[in-house]
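Look over the sequence and the fold, then read on.

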Amino acid sequence: MIPDEYLQTFVVECKELLEHMEEALLIVEQAEQDPEIINAIFRAAHTIKGSAGMFGLDPVVEFTHAAESVLDRVRSGEVSMNAVLAALFIEAHDHLKELIGHVAEGSHPAAATDSQGKILIAQLEAYLGETPTEQAGNSVSSGEMPVIQTANVEREHSDVVVGTDLWHLSLRFGPEVFRNGMDPFSFVRCLASLGSIEELVTIIDAIPAAAQMDPESCYLGFEISFSSEADKLAIDSLFNFVRSDCFIRILPPRSKASEYQRLIRELPEQEMRLGEILVKCGTLTREELDNILRIQSQHGDEPQRPIGEVLVEQQMVSSPVVEAALAKQKQVKDNKKSEAQLIRVDAEKLDELINLVGELIIAGAGTNLIARRAGMAELMESTATLSRLVEDVRDSALALRMVQIGGTFNRFTRFTRVVRDVSKELGKDIDLVISGGDTELDKTVVEKIGDPLTHLVRNSMDHGIEAAELRLARGKPAKGTLRLNAYHDAGSIVIEVSDDGGGLNKEKILNKAIERGLVAEGANLSDKEIYNLIFEAGFSTADTVSNLSGRGVGMDVVRRNIHALRGTIDLDSVDGQGSTTRIRLPLTLAIIDGFMVGVGNASYVIPLDMVVECVELSAWESGEGGGQYLNLRGEVLPYRRLRDHFDREGDLVQRENVVVVRYGEHKAGLVVDKLMGEFQTVIKPLGKLFKGEKSIGGFTILGSGEVALIVDVPGLMGQIEHEKEAGESVSMRRSGAV
Amino acid sequence: MANVKNKNQQSGRIAITGELTIYTALELKDQLLAALSVTEALELDLSEVGEIDAAGLQLLVMIKQQAAVSGKALSFTGHSSVVLDLLDLSGLAGFFGDPLLIVRKPL
């Protein structure tokens, strides 16, 4: 049995490889004929097959093998990669993903999956059909890596069958085999487990003279005749580990004479010597060999070339092969090097680290406080240094969790796929434009916004972007454009999904909302409020329910998910020009820089990123605004006394201060008694009991051991706005605030 | 670890002890070539080889060929069981042409 952790690693690796593969396939589908990309796809398939073989996952091996064989042909230029083939590979990729999924869960694929796989294999194998013979020979002489021909065994007409019941294996190991930690003889021993080795000839011809010989390079080769009941795939899979830099030919029993002939031609050693070896192996009889060599000379372009010429030619052939092999190995090494710079860490360990850093910050705050009370200058100095270091540790610990939204996790790239599939399904031609993929975001958040974002993307494609005819009629290009954009703004990350479609139909939404009883008839709503109605539960404006959306479940779930991440979502729309959905999320969920304020005897923390400025209340306060608005340098600023809001008691202070906070486009003032300065805040979640309280986002523990509540600015502002609108919406709109 | 012991300077008889593998191939190559260069007839005692792999075998082939090129006599003697096994597996016993002591494998 395979230890679970290895299997786990295998699954993780496969998933990564599949992601790379998908990415590459999507590029290829856009008619991009870059051999590097084809190679990348091939390598991914090849590695998956190799490791799956190691775990004995036969269905995966079988399936990948078919895909790999076709890719191999694409690589050698015999089959050209086009959109049809790419689409087939994308299906193959999906199937493979499913298989790997089953491996991860330890479940067995359903019968339907199996038959789907068979169909795909058949479709793939269609590409292996008629191809010019002798292509293997060509690929060697054209200076490429020796390519393993497995699934396709070309046969010539009127070919003599060689009367042996034995397999014949020709192996020439690459120079790096030893350095890669492998011993050619271990393969021989493995082979012996599949059958019995009748005869083995070790080929030592390639060992150079003493002076040139590198004792750590492998120069060996084997000619093996082998009797076995195993199938070709089983034998072939033994060599998965050395495939890339070795020459491996496997001829099944009763192969055609022409195949032996080709083998002899491909091997680096001289023909006569090889012939002798084959006879010695018992693979061929003397007569058969003579026949083959005769056919060889008849078929060859120049009959009976002198051996010298053959040798010269072989020299010419082998040097590019070696160069190609070296280049390839170097490339593999380089890849390994860059991989080695990354370390896989269990996410739990990271969380633990963050927790510890959180505790460290709290403990540090306590020490600071004591130092200040003790009034020892030296102690205060050293605690100051300490807290600066702790701050650095905090920043780097948090940075560990930050991932690029479009980078490592391919969140954005995955949308390329979604857009491709959905546009196909809908019959719309839609381009996806991604920007800001390198914006960093906490890993947990990245993971959790995947689904809501997918939903928004689908929605935009289904409802937003019009059919091509309608677009043309409206004077827009037939091809729709969907944009995904991410950027940082005021301590939060903003993700935008925008389309250049028809925009939202205000009237329709309003009518629907009235119909559903979400809004009272005759209510006076702003455009924005109307648009945001679509986030209400059970709301759908689509005339027809499609496969994708329109069932009225979704947007409310999206909003709930975003809220669960302490984020907000809103929507902008311009009639006939498209709409933009904007998700705003906090950068991190664990530790923030806070700004501490005092109200009465209690302390509150406001996220520092949202604080714009602090002003003294009396300087700006005036009678106008009914105690609700300030005139901040000509700007109308709604404000709220935290004392009133949280219903605190305690002595009133002489000079109240206003903390001006900003969230998105909104600004508001919070009136507090005391400004206490910056404070590193470890956010602790509030219990379920406080779930209904919108204006508090959590609590934190101060150095003194006291508890301070963290003000949830967006929540508080929402509440202020809500109450304000309920009160005197008319007067407010006239004054043009928020 | 591998080591080359010069048992008798005059007749050129050295013994390889320990590993004859990829890990020791680099140093052994130089030692073997040096030993061969100072004598006309070299005898390599393999009785104390505890481990041998393909790299080691390749090295033996190399030194054998080098001896042939420079017209010197080289023989291997006292093959340990691991050496015998590998010679058997590789079918190279004929190439080296040394008399081998066939040990009957325990049944």
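Two strands pair if DSSP finds at least two bridges between them. Helices (H or I, at least four residues) and strands (E, at least two) are DSSP runs, numbered from the N terminus. This is a predicted model: local features need pLDDT of at least 70, side-chain atom pairs count only at pLDDT 80 or more, and totals for chains, interfaces and linings use all residues. Residues are numbered from 1 along each chain as its sequence is written, while chains are lettered from A and ligands numbered from 1 in the order in which they are written.

**Sheets of chain A**

Strands β1 (residues 167-172) and β3 (residues 221-228) of chain A are antiparallel, joined by six bridges. A:His168 has A:Ser225 of β3(A) as its bridge partner. Both strands belong to an open sheet of four strands, ordered β2-β3-β1-β4 in chain A, with antiparallel pairing. At its edges stand β2 (195-203) and β4 (247-251) of chain A; each has a single partner strand, so one side of each is left without a neighbour in the sheet. Helix α7 (residues 184-192) of chain A packs on this sheet and touches β2 and β3 of chain A. Its direction makes about 160° with that of β2(A). Such angles run from 0 to 180 degrees between N-to-C directions, and axes are lines fitted to C-alpha atoms, for helices over the stretch in contact.

Another open sheet of chain A has five strands and mixed pairing. Within it, β14(A) and β17 (residues 657-663) of chain A are antiparallel, with five bridges. A:Val611 stands opposite A:Val661 in β17(A).

| Sheet (chain A) | Strand order | Pairing |
|---|---|---|
| four strands | β2-β3-β1-β4 | antiparallel |
| five strands | β14-β17-β18-β16-β15 | mixed |

**Strands of chain B**

Strand β3 (residues 41-52) of chain B runs parallel to β4(B), and five bridges join them. B:Ala41 stands opposite B:Ala73 in β4(B). Side chains alternate along β4 (residues 73-77) of chain B. B:Leu74 and B:Phe76 point to one face and are buried (20 or more other C-beta atoms, placed from the backbone, within 10 Å of the residue's own).

**Where the chains meet**

In all, 20 residues of chain B are in contact with 18 residues of chain A (C-beta atoms, placed from the backbone, within 7 Å). On the chain B side, α2(B) gives the largest share, nine residues.

How values were computed. Two residues are in contact if their C-beta atoms, placed from the backbone, lie within 7 Å. A residue is buried if 20 or more other C-beta atoms lie within 10 Å of its own, exposed if 12 or fewer, and partly exposed in between; C-beta atoms are placed from the backbone.
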